[in-house]
Amino acid sequence: MEEKWVNKQRTLIVCSRGVSHQERHLITDLIRLLPHSKKETKLDRKTQVSTLAELAEMHSCNNCIYLESRKHISFLWIANFPSGPSAKFLLQSVHTSSELKLSGNCLKGSRPLLSFDNSWSEKPQLQLLQHMLTQTFSTPLKHPKSMPFVDHVLSFNQAQNKIFFRNFEMIQSNSEIALVEIGPRFTLTPIKIFEGALTGETLYKNEAYVNPREQEMKYKMEVKVKRRNKKNKQKFEVGPEESDE
């Protein structure tokens, strides 16, 4: 008996206004990789929660990938609608498929294998994130827009409070299977996990996370202090010579 399309998971992919050209290409890459996704136009940041909930209901989407840009700092949200949970990540080290110019390729609509290393089972928050990522990125079996074969692997490696996303093509040679990276690639730093969809009680907070803007201000302050100390040192060295004259 032929298998039917039972898993009705769909993923809404949307970004806010103000995202960079590179991040728009990343959204295009994700839509190409996820045949069960639905695309929407850019959103105004002020109405993100209510608007995303309405869009998810309109497209019958259970999951959502929302790329938010705030003053040149990018955040990636992964949420389950309508009741949650949701996770907020800092998005960094973005490289699109066209930018990498790698030799591999995968067919449009093919279903991916999802790969997680052993460290995902070490902590409860990582287990929850693994479940959310699986629901969001895994293409359901027999989905109408998917192909009946698997030819690439989506890898999620976790180290030093960061998640490294990679996409590999599966190349079979005789009895062996080789992996060739085809992109895109990016790095996610977990910030918070919320009980609801983009809101609600905080289930987990990354205490090691530091806002990039605070890091930038700290670096500028350190540079300013170094310059001031160097200038004062030069004045001190020149001072005695002038007094001898």
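K142 sits in the loop between α4 and β7. Its phi is positive, about 70°, although K142 is not a glycine. For background, most residues other than glycine have a negative phi, and most peptide bonds are trans.

Before I go on, this is a predicted model: local features need pLDDT of at least 70, side-chain atom pairs count only at pLDDT 80 or more, and totals for chains, interfaces and linings use all residues. Residues are numbered from 1 along each chain as its sequence is written, and side-chain values use heavy atoms, with hydrogens and water left out.

The chain has five helices and 11 strands. Those are DSSP runs numbered from the N terminus: helices are H or I with at least four residues, strands are E with at least two. There are 245 residues in the chain, and 42% of them are buried. What about contacts, meaning heavy atoms within 4.5 Å? Of the contacts with a separation of 6 or more, 65% are between residues 24 or more positions apart. The chain exposes about 14700 Å², with carbon and sulfur atoms supplying 51% of that; accessible areas come from the Shrake-Rupley method with a 1.4 Å probe, and for residues only the protein chains shown count as cover.

Now the inside. A nonpolar core here is a set of buried Ala, Val, Leu, Ile, Met, Phe, Trp, Tyr and Cys residues joined through side-chain atoms within 4.5 Å. The largest one has 33 residues, and the members that touch the most others are L67, L91, W120, L129, F137, F156 and F186. Which element gives this core its largest share? That's α4, with five residues. There's also a second, separate core of 15 residues, and C64, W77, A79 and F81 are among them.

Take L91 as an example. Setting aside residues up to four places away in sequence, L91 touches L26, L67, S74, F75, L76, F186, T187 and L188.

On to β5, residues 86-95. Seven of the 10 residues in β5 are buried, so this strand is mostly covered. Which strands does β5 pair with? Pairing here needs at least two bridges found by DSSP between two strands. With β4, β5 pairs in the antiparallel sense over five bridges, and A79 has S86 in β5 as its bridge partner. With β10, residues 185-194, β5 is also antiparallel, over eight bridges. There, L90 is partnered with T189 in β10.

Is P85 buried, partly exposed or exposed? P85 counts as partly exposed because its relative accessibility is 21%. Leaving out neighbours within four places in sequence, P85 contacts I78, A79, N80, L128, M132, F194, E195 and G196. P85 and E201 are 116 residues apart in sequence, yet their C-alpha atoms are 9.7 Å apart in space.

Q160 lies between β7 and β8, and like K142 has a positive phi without being a glycine; for Q160 the value is about 55°. Q160 counts as exposed because its relative accessibility is 73%. N206, in the loop between β11 and α5, is buried, with a relative accessible area of 6%. Not counting residues up to four places away, N206 touches N161, T189, P190 and I191. N206 and I191 are 15 residues apart in sequence and 5.2 Å apart in space, C-alpha to C-alpha.

Last stop, back to the loop between α4 and β7, where we also find F149. F149 counts as partly exposed because its relative accessibility is 32%.

Key:
Buried < 20%, exposed > 50% of the residue type's maximum accessible area, 1.4 Å probe, protein only. Contact = heavy atoms within 4.5 Å.
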